[in-house]
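This report describes a predicted model. The sequence and the structure are shown first.

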Amino acid sequence: MLASTETQGAVRYRSQRIAYWFFAACMLLFSLQLVYGFILGFARMGMDGLHEWIPFHVARATHTNLLVVWLLTGFMGSAYYIIPEESERELWSPKLAIVQLITLLLVGVAAIVGYHLNWWEGRKFLEIPRELDWLVVVNVLAFLLNIFMTIWKGKRKTTTAMVLFFGLLMSALLYLPGMISFKNLTFDSFFRWWVVHLWVEGVWELIMGAILSFLLIKLTGVDREVIEKWLYVIVGFTFLSGILGTGHHYYFTGTPHYWLMVGGVFSALEPLAFLGMAMYALTMARRGGRKTTNRIALLWTLGCAVMSFVGAGFLGFAHTLPQVNLWTHGTLITAMHGHMAFWGAYAMIVLAMISYAMPELTGRAMYKSWMAEWAFWATNVGMIGMTGAFAVMGIAQVYMERKAGMDFLEVQESLQVHAFGLVLAASLLTLGVALFIKNFLDYGFPQEVPTGGPAGAKLDPRPADRRKDH
Amino acid sequence: MGLGNGAQRPFQLPQLPPLMLTKSAAKTFFLGGTALCGVAFVLLTMDTLAQLPSRSHQEAMTDQVVRGHHIWNKNNCMGCHTLLGEGGYYAPELTKVVERRGAPWIEAFLEDPEGFFPGRRKMVKYAIFDPSKVGAETAAANKADIIAFLDWVGKIDTNGFPAKPTMNQAGPQIPADAQRLEGAPPFFRSVCSGCHAVGGVGGNVGPALDGVSTRLDEVYLRRWIANPQALKPGTAMPKLAMDEATLDSIVTFLRTL
């Protein structure tokens with residue numbers, strides 16, 4: 001449908017350019033996340049010279065929270081890019097979007113500085129102090145209002161836009177259970193997973209699926225109806241397995257025994273959703289008649305679908321059954337799964353979106369640079385290496401500490417050599433990220449777009465011979 | 001005749017209805033599946049919330065336990081440790097720590113974590129447990145709070161987590177003989193046993209002490225316990241604050257082994 005609007009060209013609506021600033025913030029926060037990752041990696045090697053100033057738990061909270069903030073910033077940027085295009089109108093309030101970005105960053109910086117001063121809640125992944133929680137809520141409400149009004153007043157309401165909005169709305173709602181205070185640790189843990197699990201193995205997959213669907217429509221030229229139909233099937237499988245799959249966090253935290261059965265069965269189905277996602281992306285890319293010139297965006301898109309299956313689906317399944325998890329629960333096996341899952345599913349979808357949007361926003365075809373391609377391979381090979389190092393450490397820890405009953409510290413010290421491998425692989429990943437950021441900077445700032453769109457093909461920045469492709 | 005007629009018309013496969021899933025069917029699958037699983041999840045949640053108070057022995061959750069929980073959260077202890085298997089994987093799992101180490105060991109450890117494991121992985125030395133910073137009374141109360149909290153956690157019904165090790169450790173196995181500990185002074189039972197085993201009972205951080213009197217003489221034992229670092233720099237054995245009488249009682253006990 002509407003073939004002319006689906007073709008690649010310069011960005012069609014002026015307000016889409018706001019996405020650039022969200023993506024730039026992503027690059028900044030991602031870099032900082034890597035710095036803290038190295039502090040953690042070196043500490044695991046036994047080199048904890050920063051212990052007096054940045055002890056492990058500070059670096060860890062900063063590392064994981066920066067990840068969450070940059071991914072959310074990336075989702076917001078993606079939404080500000082996608083929603084005007086899908087709704088065929090300018091953003092409801094571009095000013096609100098800018099205010100929202102600045103305040104989000106201020107809250108993020110305040111939280112991170114707070115962690116270094118022992119100001120936090122001390123609940124894994126939800127360390128943000130309660131006072132700042134409220135600011136996050138206000139900020140996200142402003143974002144949702146902007147997106148909602150744009151869709152509401154838009155010319156069309158596409159499935160992709162609705163799934164994206166539903167995912168974002170549910171993320172906001174599911175943040176609230178994490179803000180309830182409980183005196184009893186078991187209640188606290190129970191509802192903490194409502195946020196953490198139902199985000200990353202539930203509604204975030206909706207956001208990911210919607211962005212994936214948008215990218216596939218743009219990059220492969222397959223009919224929107226076909227892509228969106230399968231989007232429903234995949235997010236259907238996600239919720240079918242993911243909601244009750246929350247049970248895999250309820251095996252050993254004081255919750256009733258039946259969660260071992262419920263969590264085991266349903267989380268064993270979770271890889272199916274990711275397998276579906278990977279097959280969907282690969283099939284659409286093969287079926288698509290159009291060959292995009294932005295090969296790098298397609299590479300990140302397909303890479304995301306495949307790596308999320310490996311990291312989230314396959315490696316998640318590796319320790320999700322209760323009889324396995326009894327031994328692996330609370331070991332570095334979780335770090336193995338967590339790193340590749342977040343990378344494959346969420347970091348890569350944001351990087352795919354950035355790779356797609358930057359040529360459109362700036363009118364420059366920097367994706368042809370060798371840097372763009374090397375960034376993809378260096379980051380992915382680096383992450384595979386890191387996952388391998390965590391796997392070796394995790395498996396050794398399970399057998400030595402849990403199965404044989406060796407002393408914790410003794411085991412950890414024997415793992416230091418593998419932590420060195422981890423840091424080496426992380427260095428390769430960092431090199432790749434540096435290339436990605438250099439490429440991002442080379443694109444420069446977004447170009448001028450006449451207000452009210454559609455700007456049309458006149459602004460297509462690519463040489464005439466490239467434009468013939470579509 | 002009939003055959004001849006048929007030959008003129010090429011054979012055609014019967015037209016099958018399209019097996020393709022329609023978009024609205026896909027949407028129904030998504031909404032229906034989500035609603036169904038959502039309802040099941042809410043029902044299970046309601047049942048779980050009803051069971052959690054008894055499974056976690058909420059009646060034993062004293063003010064002291066709640067204060068300990070507050071200390072735990074306030075200092076982000078799960079940023080390094082795990083509790084019920086949840087946390088940072090950088091420091092030991094603490095679900096059964098009171099059962100494993102005993103309160104006196106934890107009290108001594110919290111006062112000077114690095115002193116217990118010199119030159120090894122570090123833990124922050126928190127002012128709230130340091131008598132010289134907050135006064136002896138407050139430090140003791142804070143320690144009692146966190147220990148009460150950890151003790152309460154250790155009694156939660158966790159469906160068998162953490163599991164007992166199932167693989168035999170290398171080395172000679174000494175049959176458990178709790179009687180050998182009978183003559184041990186209280187300090188030995190509560191602190192030393194955290195790391196050392198006697199008669200197969202106790203920790204495995206340091207060497208088992210069965211037969212130690214045949215290996216080390218009284219003078220050496222006395223000097224060693226009083227200040228391990230002085231005899232063997234870099235040893236994991238901490239210098240523990242104890243009075244002469246306690247030291248005497250420990251050395252006397254070790255001589256019987």
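## Chain A

Chain A is helical: the predicted model assigns 16 helices and zero strands to it. Its radius of gyration is 22 Å, close to the 23 Å that the globule rule gives for 470 residues, so chain A is as compact as a globular protein of that length. Taken along the principal axes, the box filled by its C-alpha atoms is roughly 70 × 45 × 40 Å.

Of the 470 residues in chain A, 58% count as buried. Among contacts in this chain with a separation of 6 or more, 83% are accounted for by residues 24 or more positions apart.

## Chain B

Chain B contains both kinds of element, with 13 helices and four strands. It has 257 residues, of which 29% count as buried. When contacts in chain B between residues at least 6 apart in sequence are considered, 57% of them join residues at least 24 apart.

## Nonpolar cores

The largest nonpolar core comprises 162 residues. Within this core, the residues with the most contacts are Tyr80(A), Ile207(A), Leu215(A), Met277(A), Ile349(A) and Ala352(A). The element that gives the most to this core is helix α12 of chain A, spanning residues 332-362, with 22 residues.

With neighbours within four places in sequence left aside, Ile349(A) is in contact with Met208(A), Ile211(A), Leu212(A) and Cys304(A).

Another core, of 45 residues, lies apart from the largest one. Among its residues are Leu185(A) as well as Val97(B), Leu110(B) and Val191(B).

## Interface between the chains

In the predicted model, 58 residues of chain A are in contact with 60 residues of chain B. On the side of chain B that touches chain A, the elements giving two or more residues are α2 (23-55), α3 (63-74) and β2 (86-87) of chain B. The largest share of that side comes from α2(B), which provides 16 residues.

As for composition, the residues on this side of chain B divide into 28 nonpolar, 22 polar and ten charged.

## Summary

The model pairs a chain A of 16 helices and zero strands with a chain B of 13 helices and four strands.

Notes:
Residues are numbered from 1 along each chain as its sequence is written. Chains are lettered from A and ligands numbered from 1 in the order in which they are written. This is a predicted model: local features need pLDDT of at least 70, side-chain atom pairs count only at pLDDT 80 or more; totals for chains, interfaces and linings use all residues. Two residues are in contact if their C-beta atoms, placed from the backbone, lie within 7 Å. Ala, Val, Leu, Ile, Met, Phe, Trp, Tyr, Cys and Pro count as nonpolar, Asp, Glu, Lys and Arg as charged, and the others, Gly among them, as polar. A nonpolar core is a set of buried Ala, Val, Leu, Ile, Met, Phe, Trp, Tyr and Cys residues joined through C-beta atoms within 7 Å. A residue is buried if 20 or more other C-beta atoms lie within 10 Å of its own, exposed if 12 or fewer, and partly exposed in between; C-beta atoms are placed from the backbone. The radius of gyration is taken over C-alpha atoms; the globule rule is 2.2 Å times the number of residues to the power 0.38.
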